[in-house]
Amino acid sequence: MYKNFLPNKFISLKNNFTNILVVLLFIIATTGLIYSLLISPPDHIQGDSVRIMYVHVPSSFIALGCFAFLGFISILNLIFKIKIMPLLGKSAAPIGCVFSLISIVTGSLWGKPTWGTWWVWDARLTSMAILFLFYIAYIYSWKFISSFENANRTSSFIAIIGLFNLPIIKFSVDWWNTLHQPSSITLTSAPTIHHTMLIPLVIMFFAMLIYSLLIFLMRYRTELIKIKLIKKNYE
Amino acid sequence: MLTKKVKSRIMFLILGFLLISIIIIVILKSLEKNVVYFLSPSEIYNEANISFNKKIRVGGLVKINSITRSGEMVNFIITDLKNEIIVSYVGIVPNLFAEGKGVVTEGKLKDKKYFVAEKILAKHDENYMPPEVKEALEEANN
């Protein structure tokens, strides 16, 4: 698996895999959207505004998961100095950044009809905004630091420090009083979402996951080609 | 297998991790009062020096059969099942504001049992289900 990501191997890989992903994405996203918008029932209190959940929750998951990946990559990068790690990180960061923004915006749209406010500074919302800022800091450290070595080190440190924010986001609703409700899906107990609503949620999660993977592979290929071009210019 | 350089980098990162964790825990502990979004009626009851001039937020459940309306004015009781606070509010309440549901109010305390709210936010729980299931559950309970 790992070997497929080494530059020469990856570039020579046929586009078949990406094509399969595109078809899969189309099928899963269509089913997910039909299920979540038409088939699934409205909530007993919130009515139809609960359907925002099918975008909001998967986006948040991916935003968090993507940053965990970024942190992991950065640790390996700092310790072992593996050449492809910064490229993997650079390819993943914008995806997580966009999904954290989607999570914040849809959460805000959901908050107005349910809570009665667009935004509050409670622990969950604030820590999520901080996650978004960490993504921005990571991406901009690559953009504005011209020396590759410096940019690599700075961005890795940003990602590693940002890792500490992840448990704070996850457990903020349990540790402190927040306006945001506690998690419905936990590892330790049965989900508190009725299965007619849980199924579209899971489908939408996989749709967004495959979309992220697709964009990630495309960006990674671009990064590799960029490196090759730079090398060629030197020769 | 690991070279000396790699080992020293691992040590550096582990120490860094410990240091940052301690710093973050200390910061969050000292800021706890600010991180908490609202206080429960019990926390207000137990708090010795509470300010009556500063805006605070109180949250809990709206007590069943406690909402009374007269014109624009809404009175209700917030409870955390141990202590209660009477809240009065003038204005429009959010759609999800209802008896037995969560609520967060922002305003000023008149005394430890009476709160004048300027803003009301509905807090909903983590249970999602279709209306039919809710009815079935309620029937089963009765």
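Chain A has eight helices and zero strands. The model is a predicted one. Along the sequence the elements of chain A follow the pattern α-α-α-α-α-α-α-α.

The overall dimensions come next. The C-alpha trace of chain A spans about 65 × 40 × 30 Å along its principal axes. Its radius of gyration is 20 Å, which agrees with the value near 18 Å that a compact globule of 235 residues would have. Of the 235 residues in chain A, 34% count as buried. Among contacts in chain A with a separation of 6 or more, 75% are accounted for by residues 24 or more positions apart.

Two packed helices are described by the angle between their axes and the distance between the axes. In chain A, helix α3 (residues 53-80) packs with helix α6 (residues 148-163) at an angle of about 130 degrees, and their axes are 8 Å apart. Because angles from 65 to 115 degrees count as roughly perpendicular and those over 145 as roughly antiparallel, this angle makes α3(A) oblique to α6(A). The crossing of α3(A) and α6(A) is left-handed.

The table gives the residues that make the contact.

| Helix | Residues in the contact |
|---|---|
| α3(A) | Phe67(A), Leu70(A), Gly71(A), Ser74(A), Ile75(A), Asn77(A), Leu78(A) |
| α6(A) | Ser156(A), Ala159(A), Ile160(A), Gly162(A), Leu163(A) |

By residue type, the contact of α3(A) with α6(A) consists of seven nonpolar and five polar residues, with no charged ones.

Technical notes. Residues are numbered from 1 along each chain as its sequence is written. Chains are lettered from A and ligands numbered from 1 in the order in which they are written. This is a predicted model: local features need pLDDT of at least 70, side-chain atom pairs count only at pLDDT 80 or more; totals for chains, interfaces and linings use all residues. Axes are lines fitted to C-alpha atoms, for helices over the stretch in contact, and angles run from 0 to 180 degrees between N-to-C directions. Helices (H or I, at least four residues) and strands (E, at least two) are DSSP runs, numbered from the N terminus. Angles under 35 degrees count as roughly parallel, over 145 as roughly antiparallel, 65 to 115 as roughly perpendicular and the rest as oblique. A crossing is left-handed if the near helix is turned anticlockwise from the far one by less than a right angle, and right-handed if clockwise. Two residues are in contact if their C-beta atoms, placed from the backbone, lie within 7 Å. Ala, Val, Leu, Ile, Met, Phe, Trp, Tyr, Cys and Pro count as nonpolar, Asp, Glu, Lys and Arg as charged, and the others, Gly among them, as polar. The radius of gyration is taken over C-alpha atoms; the globule rule is 2.2 Å times the number of residues to the power 0.38. A residue is buried if 20 or more other C-beta atoms lie within 10 Å of its own, exposed if 12 or fewer, and partly exposed in between; C-beta atoms are placed from the backbone.
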